[in-house]
Amino acid sequence: MEWLWIAVATCMLTSPYVKGNDWWWEYEEGIRHYSQEALNKEFPEKTRPVSFKHPEFQCPDMSPSPSVPSSVEYVKAADIKVIAALGDSLTTAIGANATTVLGIPIEFRHVSWSIGGYGSFQEVITLANIIKLFNPKLLGAAPGKTVHGMQAHISETGFNLAVTGHNTFNLPDQTRHLIDTLRGYEGLNFEEDWKLLTILMGMNDICDYCKDKALFSVDNFIHYMTMALEMLMNEVPRMIVNVVQILPMHTLREVQKPTPGCLLQRSFCSCLIEPVPRSPELQEMVEVNLEFQSGKIDMTFFTHDCFHFTIKGHEELAKGLWNNMFQPEGGKMIVSSFSDPISLICPPMEHPYIFTRPIAANSGQSHLQSLARSHAVIFLLLLLHVPLGCLGLV
């Protein structure tokens, strides 16, 4: 197999998560305190009207390279043939367009920030829909909705193989599923097509940390993330990987309102929500969160559970990641707030390629583990910001 090039983008986001097998129990435990009126209460401000349209987005150069690039350093947006995503409930977009608390178990994968393929860019902004402007034949964008816990076909998920409630220790299994799916997918040239994968994982580890501090340790986070990246490096040619970094999750304690929906916070992320202010338990959680990471709250960005993102939040994440893919190291936009909408940029005419910082694939496990640990240092430095940035591996 020829050299595999993988570009790794680090980003900081926020969202709540629990172990997959426990998700339904946590959800049902949370809503049993609700009245019937509260369960059926409509929140139209959380949804996107069907008639809504974004302005068109055009760039001076939206063409592919004259020939298929052989190096990751010269890949344009239009050269991307396949898009995929791994992760947890932020990537499954659980509850993202729900009108009531009862709609939270619906996974709105088709509007997910990193891979949603609903309609067009003007209807919903996702990373996939942006790339479709450059390459309308893009494979893998998620076309439909699913329900958490129910088996779904690839015709509904696309290559969005994230699983609500998964922890980082589940990532190698997700990665194996993706590799096998890509290898056997009709119409995809596994060896030649350039592929773009976005991974976001780790929030559930924080939410579950107090339940098993050994299992959800920083070392295990690094171990399982490293395993997944090594699998991709060893088996998948021509892939660019965005590894997305979480926000300091203690800010979720601020996203609380005296509404029934926000009661689900305590069920979904008890390790973070239950400790009293300034307690040793909360301080330990904050410190662990900093190692994992290596204004005013606008509630319209959050679903009824006050944890996950609405379509509005997903769109801002998609725009931030797209912009960072075309900004050089040291010049990437820092998103410190979602209060002001992010403006999309075009790939620079002088450098129309996705920015990466490549490192040789045969550099060995110790180097990859070193890179993973270097992420922890970067995360500490970026504590108070929301950068959606790019690093690179070969």
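How do the residues of the lining of the second largest pocket divide into nonpolar, polar and charged? The count is seven nonpolar, twelve polar and three charged. Keep in mind during this tour that the model is predicted.

Stop 1: Select Arg109, Ala152, Thr157, Val163 and His177, which of the 22 lining residues are the closest to the centre of the second largest pocket. The volume of this pocket is about 400 Å³. Next, colour strand S5 (146-147), helix H5 (154-157) and helix H6 (171-184), the elements that each give two or more residues to the lining. H6 supplies the largest share, four residues.

**Stop 2: the cavity.** Now select Asp61, Met62, Ser63, Lys76, Ala77, Ala78, Phe134, Pro347 and Pro352; these residues line the second largest cavity. The space they line has a volume of about 50 Å³. Six of the lining residues are nonpolar, one is polar and two are charged.

**Stop 3: the helix pair.** Keep Phe134 selected, as this residue of the cavity lining also belongs to the contact between H4 and H12. Show helix H4 (residues 127-134) together with helix H12 (residues 311-325). Two packed helices are described by the angle between their axes and the distance between the axes. Here the angle is about 50° and the axes lie 8 Å apart. H4 and H12 are therefore oblique to each other.

To see the contact itself, display the side chains of Leu127, Ile130, Ile131 and Phe134 on H4, then those of Ala318, Leu321, Trp322 and Met325 on H12. The residues of this contact comprise eight nonpolar, no polar and no charged.

Notes. Residues numbered from 1 in each chain as written. Predicted model: local features only at pLDDT ≥ 70, side-chain atom pairs only at ≥ 80, totals over all residues. Heavy atoms only, no water. 1 Å grid on protein atoms, 1.4 Å probe; cavity = no way out; pocket = protein on both sides within 12 Å on 5 of 7 lines; lining within 4 Å. Points joined across faces, edges and corners; volume = space filled by probe spheres on them. Nonpolar A, V, L, I, M, F, W, Y, C, P; charged D, E, K, R; others polar. Axes fitted to C-alpha atoms, helices over the stretch in contact; angles between N-to-C directions. Parallel < 35°, antiparallel > 145°, perpendicular 65-115°, else oblique. Contact = heavy atoms within 4.5 Å.
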